[in-house]
Amino acid sequence: MYGEFQKYLSDELASIEAAGLYKRERNIASAQSAEITLEDGSKALNFCANNYLGLADNPRLIEASRKIMDTRGYGMSSVRFICGTQDMHKKLERAISEYFHTEDTILYASCFDANGGVFEPLLSAEDAIISDALNHASIIDGVRLCKAVRYRYANADMEDLERCLKEAQAQRFRIIVTDGVFSMDGNVAPMDRICDLAEKYNALVMVDESHSAGVVGRSGHGVAEQYDCYGRIDIHTGTLGKAFGGAVGGFTTGRKEIIDMLRQRSRPYLFSNSLPPMIVAAAIETFKMLSESDELHTRLQNNVDYFRDRMIEAGFDIKPTQSAICAVMLYDAPLSQKFAAKMAEEGIFVTGFYYPVVPKGQARIRVQLSAAHKREHLDKAIAAFVKVGKELGVIK
């Protein structure tokens, strides 16, 4: 059988390559930082990591991770409800709850698991899930695992959301689900208006904070802080793999009874090993650092403002952004790959995004700013964008 299947796969891969959609991985031979070393020994400035607060190689996190292994070991070798819960796990859950002003938190191996495990334990065929059209793939997959009736509204379109809510009155319970920051465009969901509609039409609210926590809001605490929605959002999901240290791990935080039910019935939680001690210890240190100072968040916001303004002045088509994501629109998939390759020649590490990651005809370079970037890093990246943009006819 594999001979036939192999030919099918080879043909499909060839068609992906011919369409300019084939994804290639570039190997890094250093820590994740503003400047990285590639496998061939060359250096590059990294503008495509989710390392928003620059904590991926922070010495305090590395030391916390190294030190805890002396007393808590390397791995857990168990799921939480058997013998996989340490005091450290509970301490991290309390820290996350405090950060988001919620009642309780449950940890997962990733936010993909958190989103995959949140709907099915809580909702049935009698209920409704109302999801933003640009929500992350993990939310889409989580919704597919649940038998609830599905509605989809246009991205951040409150009139369309209201239409869905009116239709969903036929169901028992309703939940509105949205990304906090949409990862391809960088726009922020209007959580105040979403909460207003949820209260008007008697719905729960869930937000994925993966790209918003640590980034948006007065002190970077996410969309609830930005829109003063503390207590109005029922469920937050998020990751430890972006702003909060850049490693692995996810979480769901929110109402106590919701978290209790997830502990009883959420399959990714019940059937996956609990997070290893070094990840947990570093995450605890992260939240401790963020409680001490807003310096990293302030530096990030200054970098975002500077880079965005200079790129617009240079003539690039930039998606409106309220986050650390800056989408440089190119529209053509092969062009986005060629642009990224030429940027690499200039020592700038960026990635072209194209279908199926974004819709056809919406290819782009997604730039992600970090608190680790210095002004000279930003200037070098902008100069490279201008040079390559003129070479390829993107700007004049």
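Here are some notes on the model, point by point.

1. Ground rules. This is a predicted model, so local features need pLDDT of at least 70 and side-chain atom pairs count only at pLDDT 80 or more, while totals for chains, interfaces and linings use all residues. Residues are numbered from 1 along each chain as its sequence is written, and side-chain values use heavy atoms, with hydrogens and water left out.

2. Helix α11. Helices here are DSSP runs of H or I, at least four residues, and strands are runs of E, at least two, numbered from the N terminus. Helix α11 covers residues 277–292, and at 1.5 Å a residue its 16 residues should span 22 Å; the end C-alpha atoms sit 23 Å apart, which agrees. The expected span is 1.5 Å times one less than the number of residues. Since 13 of the 16 residues are buried, α11 is largely enclosed by the rest of the structure. Buried means under 20% relative accessible area, exposed over 50%, and partly exposed in between (1.4 Å probe, protein chains only).

3. The whole structure has 29 salt bridges, each a side-chain nitrogen of Lys or Arg within 4 Å of a carboxyl oxygen of Asp or Glu. In one of them, Glu285 pairs with Arg60, with the closest N and O atoms 2.7 Å apart. That pair links distant parts of the chain, with Glu285 in helix α11 and Arg60 in helix α2 (residues 59–72), 225 residues apart. Glu285 is buried at 17% relative accessible area, whereas Arg60 is partly exposed at 32%.

4. Pairs within a helix. Arg144 and Asp141 form a salt bridge at 3.2 Å, N to O. Both lie in helix α5 (residues 137–144), three residues apart, about one turn of the helix. An α-helix has 3.6 residues a turn, so residues three or four places apart point the same way. Arg308 and Asp305 also form a salt bridge, at 3.3 Å between the closest N and O atoms, and they are three residues apart in helix α12 (residues 295–314).

5. Cysteines. Don't look for disulfides (cysteine sulfur pairs within 2.5 Å): the count is zero. The sulfur of Cys146 is 16 Å from the closest cysteine sulfur, in Cys164, too far for a bond. Cys146 is buried at 3%, while Cys83 is exposed at 57%.

6. Ile175. This residue belongs to strand β6 (residues 174–179) and is buried, at 3% relative accessibility. Its C-alpha atom is 5.1 Å from that of Ile129, 46 residues apart along the chain.
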